[in-house]
Amino acid sequence: MEASSSLLRQLDETPIRHFHFRLMIATGMGFFTDAYDLFVIGSATTLLQPIWHLTLLQLSVLNSVSLLSAAVGAIGFGILMDRLGRQKLYGVETVLLILGAILSAVSLNYPMLLFSRLLIGLGVGGDYPASAVIVSEFANRPSRGRLVTLVFAMQGVGLIVGPLITLLCLSSGLQHHVIWRILLGLGAIPALSVLYLRRNLPETPRFTLHVQKKRPPDCRHRWHRGR
């Protein structure tokens, strides 16, 4: 017990290092992707509605299914992360985001697009607890609030980027049936960056210490080697 308390104090007082900034980027890009994927559908369906002749009910379901499945994904992934560990699920939610974005872009009909948006919602729901937990459990005590705030601020960037890309595509003269596919498919790019950034991310030290009852990896771990 005394050894655990000593390790926790050491983690809380560890100064900000290079790996903390890499960690902030890896988790912040997750929130960026979540926000982009969730809200770009509004722009996409505005363009898609007259092409596919969608009814009001179909539009409502299409615009809300990701939010509903995100709630399910957050609960499900949250429970699994507490039982299996954070590291084992780091990439699962990201793969769902990538598959959902690609399938959305190549959807041939309404049911296929609806299923794609369902996958995206599950991925978004899974990434919310993953990104928040990763940054908070790796952060030191003095900087935890700032790091978590900066990571969550990436949601705002994702909200802005979607409409900006829509305006750029519209001003470029592209046809609407091409633009909505571009808008939805672009969500795969930041998701791929998240998968790349987290590929060697170790288990969080607090989960290792409290749940696995092991000594956390040293800060000189190969993923966050730095000063």
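This is a predicted model: local features need pLDDT of at least 70, side-chain atom pairs count only at pLDDT 80 or more; totals for chains, interfaces and linings use all residues.
**Entry 1: the whole chain**

I started with the secondary structure. I found 9 helices and 0 strands in the protein chain. Read from the N terminus, the order is α-α-α-α-α-α-α-α-α.

Next I looked up burial. Of the 227 residues in the protein chain, 47% are buried. Residues 24 or more positions apart account for 79% of them.

I also noted the accessible surface of the chain, which is about 11300 Å². Carbon and sulfur atoms hold 68% of that area.

**Entry 2: helix α6**

I turned to α6, which runs over residues 144-171.

I listed the buried residues of α6. They are L147, V151, Q155, G158, G162, I165, T166 and C169. Which helices do they pack against? I found α2, α5 and α7.

I looked past the end of the helix too. G173 follows α6, and its phi is positive, near 90°.

**Entry 3: P163**

I picked out P163, which sits in helix α6. Is P163 buried or partly exposed? Its relative accessibility is 40%, so it counts as partly exposed. Buried would require under 20%, and exposed over 50%.

I then took a distance from P163 to G42. These residues are 121 apart along the chain. Their C-alpha atoms are separated by 9.4 Å.

**Entry 4: a nonpolar surface patch**

I looked for nonpolar side chains on the surface. F39, L159, I160, L164, L167 and L170 form a patch there. Together they have about 580 Å² of accessible area. Which helix gives the largest share of the patch? That is α6, with 5 residues. I placed F39 in helix α2.

**Entry 5: helix α7**

I finished with α7, residues 176-185. Its buried residues are I179, W180, L183, L184 and G185. I looked up their packing partners as well. They pack against α2 (18-52), α4 (92-105), α5 (110-138), α6 (144-171) and α8 (188-197).

Definitions and conventions
Residues are numbered from 1 along each chain as its sequence is written. Side-chain values use heavy atoms; hydrogens and water are left out. Buried means under 20% relative accessible area, exposed over 50%, partly exposed in between (1.4 Å probe, protein chains only). Helices (H or I, at least four residues) and strands (E, at least two) are DSSP runs, numbered from the N terminus. Contact means heavy atoms within 4.5 Å. Patches are made of residues with over 30% relative accessible area and no salt bridge: like charges are joined within 9 Å, nonpolar side chains (Val, Leu, Ile, Met, Phe, Trp, Tyr) within 5 Å. Accessible areas come from the Shrake-Rupley method with a 1.4 Å probe; for residues, only the protein chains shown count as cover. A salt bridge is a side-chain nitrogen of Lys or Arg within 4 Å of a carboxyl oxygen of Asp or Glu.
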